[in-house]
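Please read them alongside the sequence and the model shown below.

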Amino acid sequence: MIHLMLFLFALTSFALPDALISRYELIETHEFYQDNELIQRPLDAWQAIAAFSTVNTDLSLSKVCLKYYLKSQTEGTFRVEKKSMTENCSGAGEIISEIKNLRGLQFQRTPHFKITFTYQNFSTSEWNISLRKKNDLRLLETPDRHLDETVLFVSSGSENTGLLKDGTQCLKVLDDCTVEGTSVCHQCENGFLEAPNGCLVSSQYCLKGSCGKKGGPACRRGVKFLRKRVLDCRTDASFAFCEAGSTPVCQGQEVWCH
Amino acid sequence: MKRDSSDLSISKIYIFLLIVGIAGTFLLLIYPRLNLRVATSPDNSDLINQALRESVPLIKSVWLNPVSHVDSTKCALPKNVGTAYLECNPEGWQCVWDNIDQVKLVLGGNTYHIKASRELEFVKRQVQGVQQITGYLGEIEIVELNKKQKIFLSRTCHEVYLPERTYAYGEVKDLRDPGILWDNAGRKLFIDKFYVSEREVVEWRNYLGQNSETKNPWKPAKLKKSEQEDFCQFHGKNVLMAHFFDATQMTPLDQKMKFPDLVIRPDTPWQRDYNRTFLSESKNPDYRLNPRDCSLAEVKGCSESFFMTDSVSWSGVAFGLGFEEERFYNPIDADLDLKKSSRFELASSAWHKLGRRGTSVEDGSYSFRCFREIL
């Protein structure tokens with residue numbers, strides 16, 4: 001009888017979908033629940049437990065939403081939906097996996113993302129989703145090690161979000177050196193260049209070519225070698241330079257070549 | 001009566017066993033087939049995920065260091081080509097899978113076997129997505145678990161990080177002259193360790209639909225300035241700048257002091273005192289070049305070698321002096337864009353000094369390398 005029960009339990013458990021095997025980054029997790037807390041509310045509503053990005057064969061990313069619906073405190077449905085990166089998890093998406101009639105669900109965020117499913121017969125199963133770990137940079141370090149992208153699992157699918165055109169600001173840094181948002185410069189169609197502004201991180205623009213050319217951003221010479229606490233383009237722009245034949249000009253705090 | 005009742009009981013047991021048997025057969029053989037999409041044993045599904053996760057270091061090892069899996073003599077490399085050529089290169093990957101059928105993965109005391117597709121497809125990302133712009137697609141299989149999985153392999157193992165420091169550019173006439181200093185604080189710069197090879201250029205051209213081939217894929221590619229720019233840009237990079245190259249070659253005096261006021265410029269990547277190098281000694285007409293000299297700087301009289309790592313500098317970047325004439329983008333002195341120190345110059349040539357550069361010929365084709373910045 002025990003064997004029969006185990007077998008029936010086996011029939012009701014689910015494999016980790018390919019889209020989660022090819023996960024890339026954890027985009028969001030439910031902010032309310034603590035690690036391993038049993039989810040018991042709200043009733044009669046879908047809630048997003050977490051969202052991952054997943055790598056498609058064309059190296060684009062899609063969003064995978066893990067959602068849970070509680071019919072009662074002891075009965076819930078777990079669903080995995082695939083969406084485009086710009087979509088919110090709250091709307092309906094392509095259902096790629098579903099587990100009905102769960103008695104309980106818990107998740108933990110670290111050291112890796114783990115979901116524990118409890119079935120009506122009190123048996124449990126787990127999904128373990130390991131995450132990429134960005135490594136600190138040291139001498140002789142390579143980008144693949146830094147980004148943890150030497151080997152990526154990919155799943156079938158594609159997203160048709162075009163690359164960013166030349167002229168798009170892909171990283172915004174304010175004059176007081178505050179970085180706004182995160183860089184999307186790796187999405188530029190023809191590469192990107194920084195416009196030095198005396199900060200450790202400068203504003204970046206999608207642009208083809210090299211720094212220091214007429215009409216483009218200047219090349220950065222540095223921010224430490226001048227031994228100044230504050231670098232102001234309007235008083236001394238020597239933290240950046242242009243090729244011979246073009247002159248450094250301040251645009252706000254940014255140095256461009258004219 | 002007793003006998004009848006026991007017969008009935010035996011019959012009941014037979015009927016019960018028959019029902020259990022039929023139900024068992026249904027559950028074991030038929031029901032799983034009806035539910036193939038979702039019904040996987042929990043152990044197996046978790047095992048597949050775990051095995052794939054654990055296979056990553058093994059796949060990385062085949063991709064990044066193929067000679068740890070197969071003897072390099074089986075990879076049809078000439079003796080003058082270093083095994084670094086095979087690292088994160090489809091040729092190295094193919095060499096492994098041509099010579100071994102599968103690699104072993106030990107997991108929880110069990111041994112699994114991983115097979116891989118021999119052919120890799122070169123891909124360039126045309127839409128928004130992962131950090132990498134170019135790389136290769138292939139497929140692996142965990143034999144015992146009957147699991148095939150598509151993989152992406154990146155080709156960045158020959159790029160090295162330029163530590164955030166203050167560096168010197170070019171030459172100075174007087175040692176007391178600080179010359180041009182600069183720093184890369186806050187920047188994550190990665191420099192190509194070797195010259196761009198003919199194989200990479202053929203791969204690029206074929207991707208663009210221009211039929212191209214080479215018999216010496218390990219040789220440094222020689223391209224015109226605009227082609228160099230196009231090649232690097234294709235991979236999300238830029239042509240290496242002269243001051244970045246100097247930084248990779250001039251060993252810092254004090255590794256711990258990252259932003260010093262004064263930076264000493266050594267003349268060679270491997271010896272601060274030029275007078276103690278074979279380049280200086282070779283001014284003696286009786287001096288004969290030895291293999292060690294040629295491995296540090298391939299100068300006139302040396303036999304050619306490729307992808308050897310004996311010449312790497314403190315930062316891991318090879319070919320600081322000698323080897324090929326290399327073109328850079330030099331925004332500081334636009335005309336000084338060519339490393340003249342090369343295999344075409346005698347060891348005694350004055351060109352064999354770090355920071356010393358000449359001018360490239362307009363429309364000339366030269367060796368080059370790229371760099372990338374990661375934010």
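1. I begin with Cys95(B), which counts as buried because its relative accessibility is 6% (buried means under 20% relative accessible area, exposed over 50% and partly exposed in between, with a 1.4 Å probe and protein chains only). Its disulfide partner is Cys75(B), with the two sulfur atoms 2.0 Å apart, where a disulfide is a pair of cysteine sulfur atoms within 2.5 Å. Cys75(B) is buried too, at a relative accessible area of 12%.

2. On the basis of these notes: this is a predicted model, in which local features need pLDDT of at least 70 and side-chain atom pairs count only at pLDDT 80 or more, while totals for chains, interfaces and linings use all residues. Residues are numbered from 1 along each chain as its sequence is written, chains are lettered from A and ligands numbered from 1 in the order in which they are written, and side-chain values use heavy atoms, with hydrogens and water left out.

3. The link of Cys75(B) and Cys95(B) is left-handed, with -85° about the S-S bond. It connects distant parts of the chain, 20 residues apart: Cys75(B) lies in the loop between helix H2 (42-64) and helix H3 (90-99) of chain B, and Cys95(B) lies in H3 itself. Helices (H or I, at least four residues) and strands (E, at least two) are DSSP runs, numbered from the N terminus.

4. Cys88(B) counts as buried at 1% relative accessibility, and Cys157(B) does so at 13%. With bonded cysteines counted along the chain, the disulfides of chain B follow the pattern 1-3, 2-4, 5-8, 6-7.

5. Over all chains the structure holds 11 disulfides. In chain A, Cys65(A) and Cys89(A) form one, with sulfur atoms 2.1 Å apart, and this disulfide is left-handed because the torsion about its S-S bond is about -85°. Cys65(A) sits in strand S3 (residues 61-72) and Cys89(A) in the loop between strand S4 (75-84) and strand S5 (94-108) of chain A, 24 residues apart. Both Cys65(A) and Cys89(A) are buried.

6. Turning to a sheet in chain B, an open sheet of 4 strands has the order S6-S9-S13-S10, with antiparallel pairing; two strands pair if DSSP finds at least two bridges between them. S6 and strand S10 (238-239) are the edge strands, each pairing on one side only. Strand S9 (residues 189-192) and strand S13 (residues 370-373) of chain B are joined by 3 bridges, and Leu189(B) has Glu373(B) as its bridge partner in S13(B).

7. H6(B) packs on this sheet, touching S6, S9 and S13 of chain B, and its direction makes about 85° with that of S9(B). Helix H6 (residues 242-249) of chain B is mostly covered, with 8 of its 8 residues buried, including His243(B), Phe244(B) and Phe245(B).

8. On confidence, chain A has a mean pLDDT of 91, with 95% of its residues at 70 or more, where pLDDT is the predictor's confidence in each residue, from 0 to 100. Residues 1-13 of chain A, however, stay under 50, and the model has 26 contacts for them beyond four places in sequence, a contact meaning heavy atoms within 4.5 Å.

Terms used. Axes fitted to C-alpha atoms, helices over the stretch in contact; angles between N-to-C directions.
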